[in-house]
Amino acid sequence: MQTPQVFTEPEREAVYRAIRERRDVRRGFLPTPLPDDILRRLLEAAHSAPSVGLMQPWRFLVVREPAIRQAVHDLFLEANNEAQQAFAADRRDQYAALKLEGLLEAPQHLCIVCDCDSPQGHGLGRRTMPETAVYSTVCAIQNLWLAARAEGIGAGWVSILDPRNLRNVLRIPEHLTIVAYLCLGYVDTFATEPDLERQGWEQRTPLDDCLHFDHFGVPEE
Ligand SMILES: Cc1cc2c(cc1C)N(C[C@H](O)[C@H](O)[C@H](O)COP(=O)(O)O)c1[nH]c(=O)[nH]c(=O)c1N2
């Protein structure tokens, strides 16, 4: 089966719009749960991601139970407090003022894990770079993040969690690697710039500062 080579102009613009206007969302979640068919659409988008050797190593855990969301929020408070203490005095207060999760507001969470030892794909592409299983899982997360933006659903990645504690709360088997914990929920609006930029924590780097051609200019070894 093949599909037409070219996107129409509006289709192309819609793709770039989703990429441009995707945001990490930590606030403004509406309490409306995601309908099952919409959640399914997001998960199908994730499940369409590229993966090393067609391994599809991602596994999704949908968390809706308020008691579990609360327990994860408690883990966040603990990890965030430790993170705050680790900053030097001049950054500590600024860090404390940041909003870095919407765990209690978002009506559902999604934990994405990677089955790094899955035999699917027969190891193709992983012999020299076994970490590509996790990279594939991150591709799935990004697909979901973009699809969510197109659906008017905010997604916020929360990594300020101790993975050992998260494993206990969610009863994640040891052979699965925790990759991401996301808050998901409808929002009315999306900010035009990253929260961390608006709050003066960090600035986006111009593309040209990240762009190199042919080599990095360091002598060959
Ligand atoms: C792997 C990873 C982990 C995290 C994040 C992202 C990614 C990719 N981000 C979101 C991050 O702060 C955000 O993407 C950048 O600030 C850029 O903003 P936009 O995503 O463009 O809105 C994030 N945000 C947050 O508030 N708490 C967190 O724990 C994390 N953790």
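**Before starting**

The model is predicted; local features need pLDDT of at least 70, side-chain atom pairs count only at pLDDT 80 or more, and totals for chains, interfaces and linings use all residues. Residues are numbered from 1 along each chain as its sequence is written.

**The whole chain**

Helices (H or I, at least four residues) and strands (E, at least two) are DSSP runs, numbered from the N terminus. Along the sequence their pattern reads α-α-β-α-α-β-α-β-α-β-α.

Next, select residues 19-186, where UniProt, in an unreviewed entry, places the feature "domain: Nitroreductase". UniProt positions follow the numbering used here, feature names are shortened, and annotations may be inferred rather than shown by experiment. This span is 43% helix and 17% strand, and its end C-alpha atoms lie 18 Å apart.

**Helix 1 and helix 5**

Select residues 9-21 (helix 1) and residues 132-151 (helix 5), whose axes come within 9 Å and cross at roughly 105°. Axes are lines fitted to C-alpha atoms, for helices over the stretch in contact, and angles run from 0 to 180 degrees between N-to-C directions. The two helices are therefore roughly perpendicular to each other. Angles under 35 degrees count as roughly parallel, over 145 as roughly antiparallel, 65 to 115 as roughly perpendicular and the rest as oblique.

Ala18, Ile19 and Glu21 of helix 1 meet Leu146, Arg149 and Ala150 of helix 5; contact requires C-beta atoms, placed from the backbone, to lie within 7 Å. The residues of this contact comprise four nonpolar, no polar and two charged. Ala, Val, Leu, Ile, Met, Phe, Trp, Tyr, Cys and Pro count as nonpolar, Asp, Glu, Lys and Arg as charged, and the others, Gly among them, as polar.

**Helix 2 and helix 5**

Contact residues include Ile38 and Leu42 of helix 2 and Ile141 and Leu144 of helix 5. By class, this contact has nine nonpolar, two polar and two charged residues.

**Helix 3 and helix 6**

Now select helix 3 (residues 66-86) and helix 6 (residues 163-170), which pack at about 165° with their axes 10 Å apart. That angle makes helix 3 roughly antiparallel to helix 6. Ile68, Ala71, Val72 and Leu75 of helix 3 make the contact with Asn165, Leu166 and Val169 of helix 6.

**The ligand**

Finally, select the residues around the ligand: Arg23, Asp24, Arg26, Leu100, Glu101, Trp157, Val158, Ser159, Ile160, Pro194 and Leu196. A residue is near a molecule if its C-beta atom, placed from the backbone, lies within 6 Å of it. This shell has six nonpolar, one polar and four charged residues.

Note on methods:
Two residues are in contact if their C-beta atoms, placed from the backbone, lie within 7 Å.
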